[in-house]
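Subject: Structure for your review

Dear colleague,

Please find below the structure that I would like to hand over to you. My findings come after it.

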Amino acid sequence: MQTANSLQDLITAIFSEELYVEVPSPATDLLQGGYLDSLRMVELLLRLEERFGISINLESMELEHFRSVERIALLVERERQAA
Amino acid sequence: MLSVLLIAREGAGAQALQRIRRAGHAVAATVTADEAANPVRRAALDLGVPVWGEEVAKHPGFAEAVRRIGVDLLLNVHSLAVLPAEVLDAPRIGSFNLHPGPLPGYAGLNAPSWAIYHGETTHGSTLHWMDARIDAGEIAYEARFPVEERDTGLTLSLKCARAGMSLLDRLLAAASEDARSVPRLPQDPSRRRYFGRRVPQEGRLDWSRTAREVVDFVRACDYHPFPSPWDAPATRVAGRELRVLRAARTHVPCGAPPGSVGRSEGGAAWIAAADEWVRVTRVSLGGVATDAAAALPTPVQA
């Protein structure tokens with residue numbers, strides 16, 4: 001089973017290797033810090049769906065789900081369990 | 001290798017910065033808003049590119065500074081900074097603006113939203129030479145793409161940004177090979193439409209319009225989960241003042257008085273437009289987003 005930390009590591013790696021954004025820590029405020037904008041969020045969603053085999057409905061998303069890598073990891077885990 | 005001065009905001013600006021660097025060109029500096037949440041500023045800091053505040057463009061010595069540091073191209077991406085003519089003339093090759101709309105028909109602000117509001121089935125992005133007039137310079141490159149029925153202000157803006165990056169690639173390739181090969185197509189001023197800050201219909205839904213017009217207005221305002229430049233359209237239904245966040249056409253003919261609630265089901269409420277029922281799924285009541293059926297539980301007249 002994937003631990004929460006390893007999921008956060010994977011998401012941080014997606015930011016770094018595929019979105020070219022270096023996120024300092026899992027708790028970093030991605031929105032306030034300018035790490036995540038509308039373009040990057042849609043690209044992130046695509047990569048999360050590809051990487052974790054989930055389907056994320058943009059219509060049901062709130063910005064708070066993407067506030068930090070920690071919160072994105074929680075979102076991914078929730079979607080995986082729902083799938 | 002070109003030296004590019006990037007004047008930019010928003011995610012498209014951050015993407016442009018990365019694109020320029022990945023193409024092997026230098027970014028002399030980035031001029032952008034001085035805000036922590038600015039993705040352009042974040043991208044510039046990560047890449048070690050100098051960041052200047054937007055007020056620098058108004059400095060009397062700025063044009064000379066642009067010449068002195070050997071800028072080849074000035075690229076403006078989604079920035080509203082007004083640049084003096086001498087700054088636009090300072091780069092060796094020229095100054096270019098990436099506009100999220102076809103020109104001359106959609107000059108000005110919020111072009112993606114206006115396109116959806118007008119029921120357009122195609123839209124575009126334009127990369128044009130800059131002169132003193134807003135969005136009126138000669139066109140270098142343009143792209144067109146379809147507007148789908150489910151597109152919103154956000155998704156169409158993202159399509160514009162993606163298409164814009166391809167136009168940027170073409171400009172960088174042509175400019176680095178032979179600057180004289182960058183096209184210059186004059187715009188037809190008789191076809192120009194300029195859109196300013198005003199919101200259509202003063203931000204209020206008009207149920208006496210067709211269902212298509214009502215839904216197009218809602219889609220044009222939809223940038224969920226990001227803030228909308230127009231906010232969601234307001235309306236008064238069943239005695240309640242609310243904003244419509246999401247709606248879709250039913251294609252079911254309707255003869256009920258416009259604005260009346262037909263039925264509520266599955267979280268949605270059917271509201272009469274001039275010709276068809278409109279299925280409203282999400283609304284904002286008192287600033288709180290909720291299912292339309294919860295906000296309008298019983299079929300009553302408007």
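The notes below cover the conventions, the nonpolar cores, the contact between the chains and some backbone features.

This is a predicted model, in which local features need pLDDT of at least 70 and side-chain atom pairs count only at pLDDT 80 or more, while totals for chains, interfaces and linings use all residues. Residues are numbered from 1 along each chain as its sequence is written, chains are lettered from A and ligands numbered from 1 in the order in which they are written, and side-chain values use heavy atoms, with hydrogens and water left out.

A nonpolar core is a set of buried Ala, Val, Leu, Ile, Met, Phe, Trp, Tyr and Cys residues joined through side-chain atoms within 4.5 Å. Buried means under 20% relative accessible area, exposed over 50%, and partly exposed in between (1.4 Å probe, protein chains only). The largest core has 64 residues, and A:Ile11 and A:Phe15 touch the most other members. Helix H6 (residues 153-177) of chain B gives the most to this core, namely 10 residues; helices (H or I, at least four residues) and strands (E, at least two) are DSSP runs, numbered from the N terminus. A second, separate core has 36 residues, including B:Trp230 and B:Ile271.

Turning to the two chains, the contact (heavy atoms within 4.5 Å) takes 20 residues from chain A and 21 residues from chain B. The area buried between them is about 1,900 Å², with carbon and sulfur atoms giving 59%; buried area is the accessible area (1.4 Å probe) that two parts lose on being put together, summed over both. The count of salt bridges between chain A and chain B is zero, where a salt bridge is a side-chain nitrogen of Lys or Arg within 4 Å of a carboxyl oxygen of Asp or Glu.

Finally, the backbone. Most residues other than glycine have a negative phi, and most peptide bonds are trans. The peptide bond from B:Leu103 to B:Pro104 is cis, with omega near 10 degrees, and B:Pro104 is found in the loop between strands S5 (94-99) and S6 (107-108) of chain B. Another cis bond joins B:His224 and B:Pro225, with omega about 10 degrees. B:Asp135 has a positive phi, near 55 degrees, and is buried, with a relative accessible area of 9%. B:Glu202 has a positive phi near 50 degrees but counts as exposed, at 76% relative accessibility.

Yours sincerely
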